[in-house]
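I wanted to work through the strand pairing in this structure, sheet by sheet, and to keep notes as I went.

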Amino acid sequence: MSKDQKFRLVSDFKPTGDQPAAIAKLIDGINAKERHQILLGATGTGKTFAMANIINELQRPALVLAHNKTLAAQLCSEFQNFFPDNAVSYFVSYYDYYQPEAYLPSTDTYIEKDASINDEINKYRHAATHNLLTRKDVLIVASVSCIYGLGDVSDYEALAIKLERGQMLQRDKLLRQLTDIQYTRSGIEFRQSQFHVLGDTVEIFPPGGDTVFRIEMPFDEIETIQEVDSFTGELIAELQDVVIFPAAHNVTTKEKIDAAIEGIKAEMEVREKELKDAGELAKAERIRTRTEYDIEMLLETGYCTGIENYLRYLNNSGEPNRPPSTLLDYFPDDFLMFIDESHISVPQVGGMYEGNRSRKQTLIEYGFRLPSAHDNRPLKFDEFESRLGQTIYVSATPGKYEYEHTKKERIAEQIIRPTGLLDPVVTVKPTKNQIDDITKEINDTIKRKERVLLTTLTKKSAEQLDEYLRDQGYSVRYLHSDIETMERIEILRQLRTGEIDIIVGINLLREGLDLPEVSFIAILDADKQGFLRSRDALIQTIGRAARNVNGHVTLYADKETDAMRAALDETNRRREIQQKYNEDHGITPQSIIKAVHDIAEDEKKLELRRPKRDHQKIPKDEKKRLIEELEHQMELAAQNYEFEKAADLRDEIEVLKREL
């Protein structure tokens, strides 16, 4: 794809309400070289659409930072719909399960690093870096994992293999080059990061794609380069050239490993002497034994468990505590940064470094790791700040950091909803007889064929409320962190279809619930101080009822806290602005109506959209591999709480299994 490719926004809608003013204000700020701006947008006002319009207008690569995989997945789906012809990528932690290396001195317990890598997410990560180095029309939606070390971008780019038609190249030399950048020869199955050889034809399966590059090179000359479907073998495109990037981001050369060994040995001897001089003979013996084993593994295989702890030497930096190379280093200097739900994301980035350092320090003190292991870390907050470039903080409730760094005139408000919906009416009621009042509200809501969310402060009170309502004959489910992700699919599908009328939970903000069917929310213990009943948390929870024309919220409390008053004042301020706009423009508010199946149709597969394939053209052996691939995608969708998408994939898997 050409570096000249442009962003092209595709939408049936145009900015309305206060969206045009907010978009224009933020674009003006970026053109004026402002580093910090705020998009203060109420729930349901189309903040993602505003971001898409800014990106489309400025035509600059963009990074959208989200505070968890759930939000990142939802945003990625939305942006893919807005930019179907551009490189919209998904970059989150690729671990399904991760137990970091640790030592517990109190019990003399050493815990080895243990991790399970999700191949599907790993594929998206490779696609993201590939796009950044080959295109300009790149938008990446990432979680905070993007501030962790990724591998030196100069090495990654320098080791890429560039192939073009007419190029003279021996087949065996190409195979050696592929092996050097950690591709392996395929065995029974042909998967990502592998190559396959048949005579003068070499097929390469990049780590970041669902398609294969077929290179035909008779007489040591590249005659054709084709992109083909990995399952059916069908031709997708004839190419003039292609760039094959390494199969791993931390790939390194034998020369670098040989050079690194000397530095590792020197540090080991210094550290061993320090421990011996301090009378810590067991620790001294441990650091020598463990380091010598790692050195032997590096020399023999080019890899060792915990190789990331030797980055100082593998990257030839030689400098203690040098910032790691991260995804941010793969972006060009003019990229745009959007920090979504910034009131959560910014503090989360700020807390990453210290937690990692504390764990590492214990390992170093007791002889499990060399002091240079500290170099394997996330960015410190000031290092993150220095890499930000021009940033727009997006939130309904921006935090202290955002306000401190943004000029007042650079705050763009987006309060008006395209549907004309107002922020919900909020009522405060005493806790006495609250269950009777909740029951009445539930009955009224069910009569309108709408749904209810009830949020409590503790797990025990949530369970008790769930049990009481169940005994009264209501269709209710308690949604909590212990519920398996696949079970959530059924719970939310049933809520949307009306099989379940009520969901009870503690922190429903983290569930990623944007449900237009919900018209009543009860917040119990609203006057209890704490992060779940802070001003911002209350405003965010109240916003869950803002997608239904009958939306209303009751705070059950015996006194009015400062947080409650602030939340009520802000909600009423927004309602007044929204009401006046509707009156001035003759708008009648309408609920968002979206059938359950619409979500499955609208949300396309993250990053690499799953092509529509004729199952009859897929060989039987390839069908088995396709089922396995789709199962990975289903698990990923479930982990990200994209429940309808997971169910859609499940249905396709069942069809394929029946065909087998």
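**Notes on two sheets**

I looked up E12 and E13 to begin with, and found strand E12 (residues 201-205) joined to strand E13 (residues 211-216) by 4 bridges, the two running antiparallel. Within this pair, Thr-201 has Glu-216 of E13 opposite. I take strands as DSSP runs of E of at least two residues, and helices as runs of H or I of at least four, both numbered from the N terminus; two strands count as paired if DSSP finds at least two bridges between them.

I note that this is a predicted model, in which local features need pLDDT of at least 70 and side-chain atom pairs count only at pLDDT 80 or more, while totals for chains, interfaces and linings use all residues. Residues are numbered from 1 along each chain as its sequence is written, and side-chain values use heavy atoms, with hydrogens and water left out.

I then traced the open sheet of 6 strands that holds this pair, and read its order as E10-E11-E12-E13-E14-E15, with mixed pairing. Its edge strands, E10 (184-185) and E15 (235-239), each pair on one side only.

I turned next to another open sheet of 6 strands, ordered E20-E25-E24-E21-E23-E22, where the pairing is parallel. Strands E20 (425-429) and E22 (476-478) stand at its edges with a single partner strand each, so one side of each has no neighbour in the sheet.

Inside this sheet I checked E21 (residues 451-455) and E23 (residues 502-505), which run parallel and are joined by 4 bridges; Leu-453 has Ile-503 in E23 as its bridge partner.
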